[in-house]
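Subject: Structure handover

Dear colleague,

Please find the structure below. My notes on it come after.

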Amino acid sequence: MEWNNIYDPEGQDGKENKKAYEELPRIMQYFVSSQQKQLSERIINGVRRKYGEAGVKALVKTSGLRSPSVTSRHHGVSNSLHHFGLAIDIRKCNPFLHDRPFDPCELVQVIDSGDVWHIQFKRGSTTMPEVF
């Protein structure tokens, strides 16, 4: 999955994710796109600070926006922030196989989810992510 993709476009998951995105009102499509972009930039910049360009090159985004049915099929939680474009999963690989890919900040948390690092905007943060 490319970093500029909002959702995984491949296979059955891709079809369902695309449909979920296209069914959103236009303003929500903009919101999801802007949040995916902002979260991607935070991840890339955080990895760059911790691991340099080699770490950035190792990044593999596996998930962004997800439909509820795709989340359920992958054993995700029913209130997943993926449904709103507020989460990204990246594949665990060297150099961040066993260590967080970057240090979390006030707005972002990094969660070990087995074979991926789940990165999301924190729920209930006192500072909201930028929308525009």
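Predicted model: local features only at pLDDT ≥ 70, side-chain atom pairs only at ≥ 80, totals over all residues.

Residues are numbered from 1 along each chain as its sequence is written, and side-chain values use heavy atoms, with hydrogens and water left out.

The largest pocket holds about 520 Å³ of space. A pocket here is an open set of points on a 1 Å grid over the protein atoms alone where a 1.4 Å probe fits, with protein on both sides within 12 Å along at least five of seven lines; lining residues have an atom within 4 Å of a point. The volume is the space filled by probe spheres set on the points. Its lining has 24 residues, and Arg66, His74, His82, Asp89 and Val116 lie nearest the centre. By class, the lining has 5 nonpolar, 12 polar and 7 charged residues (nonpolar: Ala, Val, Leu, Ile, Met, Phe, Trp, Tyr, Cys and Pro; charged: Asp, Glu, Lys and Arg; polar: the others, Gly among them). Strand E4 (116-121) gives the most to the lining, with 3 residues.

Cores. A nonpolar core is a set of buried Ala, Val, Leu, Ile, Met, Phe, Trp, Tyr and Cys residues joined through side-chain atoms within 4.5 Å; buried means under 20% relative accessible area, exposed over 50% (1.4 Å probe, protein chains only). The largest core has 20 residues, with Ile43 and Ile119 making the most contacts inside it. Two or more residues come from each of helix H2 (26-58), E2, strand E3 (108-112) and E4, and H2 gives the most, with 6. Another core, of 5 residues, lies apart from it and includes Ile6, Tyr7, Tyr21 and Val32.

Aromatic pair. Tyr7 and Tyr21 form a tilted pair, 5.8 Å centre to centre with 45 degrees between the planes (centres within 6.5 Å; under 30 degrees is stacked, over 60 edge-to-face, the rest tilted). Tyr7 counts as buried because its relative accessibility is 14%.

Backbone. A cis peptide bond, with omega about 10 degrees, joins Asn94 and Pro95. Pro95 sits in the loop between E2 and E3. His75, not a glycine, has a positive phi of about 65 degrees. His75 counts as exposed, at 75% relative accessibility.

Regards

Note on methods:
Helix = DSSP H or I, 4+ residues; strand = E, 2+ residues; numbered from the N terminus. Phe/Tyr/Trp six-rings, centres within 6.5 Å; stacked < 30°, edge-to-face > 60°.
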